[in-house]
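These are my notebook entries on one chain.

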Amino acid sequence: MSFVSELFATTNLDKLRALAKQRILRRALTARDLIAIGLGTMIGGGIFTTIGTGVKGAGPAVIISYLLAGLTSFFAALCYAELGAMVPVAGSAYTYAYATLGKLFGWIIGFALLFEYGISAAPVAQQFSAAIQDVLKTIGFTVPPWAQTSNLIIHGPFWLPGSYDFLHSQYDVVGAIFVLGLSVLLSIGIRESATVNNIFVVLKISALVVFIIAGAFLFHAVNLHHFIPLGWGKLVPFGGSVESSQPFGIIPIAAYVFFSYIGFDTATTTAEECKNPQRDIPMGVIGALAIGTLIYCATAIILVGAVPWAQVPEKNPLVYALAPLHLPILNWVISIGVLAGTTSVALASLLGQTRIFYVMARDKMLPPAIAKVHPRFKTPVFTTMLTGSAIAILTLIVPLNQLLNLVNIGTLIAFTVVCAGVLYLRHRRPDIPRSFRVPFVPLFPILGIVFSLFLAVFGLSRTTWMWFVIALVVGLVFFFSYGFRKSNPDEIEPVVEPEGLEDYM
């Protein structure tokens, strides 16, 4: 096989479908669990922390920003649902890219998903840390200053979008411990993790519902007048101002609040742990996105209706909006929602990342030894704890604002490839049974590609793209050093065949 042919060699879809029938991981999840896992990743750090900046940057038109980000996610969600039901194996967009576009694209998307799942858990953990420290202060306990938050000061060469001169005077110890604790929970078992996640999803959605109901009493339609005060933003390629202290315009804000939507596709990473993946995956992906979008838009409408948009603070905007009701219990409800939201988001993000690493190791893109399945817990314990340790280090030292937009760009690139994968397979393999089919093909997948690239190119800045490209080059070095030589699309096998699995079904 030539070098180019090997670069674009694809996995055999029939072998993947056969592999999906082998019960290596514990099959314990239902459609309800997948919806909760999707919402677990979606609703949390994003809506509670980005909406304040979103309102300051777009005014009442932040509602349009959320709808634009949601529409982009909708087209991608349909494509995820078709591919996930057709090839019900773990790995999400990485698996789909490897099966449709080849080994090189599979690696690139697997690397991009590291930003969506792995790196996203770090800023969410920092949000949890800040929230729990605020709660502890109300009872008179203060974390030592050096352990309160990460403080990475960067200076460096002008030709890099940052620096390699590091100065640490503070560390987010609470956030790092939080990540390690969730990693231990994920190692114990998928059923236990899903149960904990379901509880936190109920708590955070309940908190947002309370905000919507209570805020409705403060709603004034006059606050929605002059609906687009800051315009659509400058449509300059790679000119998004999201990294600045205050982005302006509907388009840059859509790219910024897109962080809120990240995670509905987490359901597809657990395909091998579903009882009925052909039915559960489409319901989980589309259900999570639909519920999440409805809650986001309702929250945004109530917030800009209750408070003039220019007065909305970037920090704790929901608590500020309900202050005129003079009900301290509402502050506690919102605080519980933030804690529950960040916990479930971090948990689901870590779950998604470990399952992607598990599949990449099974494909020998990564060393197979790191994804051994524990004979008792039926989870990839080593991968889970290794991932958790790496994310804990990021949480400990790197501030949120240096990670947030890398998460967005990685997700948008993954969405683009998944939509392209649907188009490719409809053309090359129309014979494969599909329990769910994207409607209006090729229109909807093409719209998914166009919307994703539009937000990435016009909503994100040159700096974000530079960091992404630099990280990608580093990843490609590892690919050609190991994965390109070791992986063989025709030799996909389980990492381990544990015995006694029926005892855990």
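Entry 1: I began with Trp107, which counts as buried at 4% relative accessibility; buried means under 20% relative accessible area, exposed over 50%, and partly exposed in between, with a 1.4 Å probe and protein chains only. The model is predicted, so I noted its limits: local features need pLDDT of at least 70, side-chain atom pairs count only at pLDDT 80 or more, and totals for chains, interfaces and linings use all residues. Residues are numbered from 1 along each chain as its sequence is written, and side-chain values use heavy atoms, with hydrogens and water left out.

**Entry 2: the whole chain.** I read off 505 residues, of which 58% are buried. The chain has 18 helices and 2 strands, taken as DSSP runs (helices H or I, at least four residues; strands E, at least two) numbered from the N terminus.

**Entry 3: ring pairs.** I found 24 aromatic pairs in the structure. Rings of Phe, Tyr and Trp (its six-membered ring) pair if their centres lie within 6.5 Å; planes under 30 degrees apart count as stacked, over 60 as edge-to-face and the rest as tilted. Trp107 and Phe478 are stacked, because their ring centres are 5.9 Å apart and their planes stand at 25°. Trp107 lies in helix H7 and Phe478 in helix H18 (residues 462-486), so this pair ties together parts 371 residues apart in sequence. Phe478 is partly exposed, at 36% relative accessibility.

I then looked at Phe480 and Phe484, a tilted pair with 5.6 Å centre to centre and 55° between the planes. They are 4 residues apart in helix H18, so about one helical turn separates them. Phe480 is partly exposed at 35%, while Phe484 is buried at 10%. Ring pairs link these residues into a cluster that also includes Phe3, Phe111 and Tyr482.

**Entry 4: cavities.** How many cavities of 30 Å³ or more are there? I counted 3. A cavity is a set of points on a 1 Å grid over the protein atoms alone where a 1.4 Å probe fits but cannot get out; lining residues have an atom within 4 Å of a point.

H7 gives the largest share, 3 residues.

How values were computed: On a 1 Å grid over the protein atoms alone, a cavity is a set of points where a 1.4 Å probe fits but cannot get out, and a pocket is an open set with protein on both sides within 12 Å along at least five of seven lines; lining residues have an atom within 4 Å of a point. Grid points are joined across faces, edges and corners, and a volume is the space filled by probe spheres set on the points.
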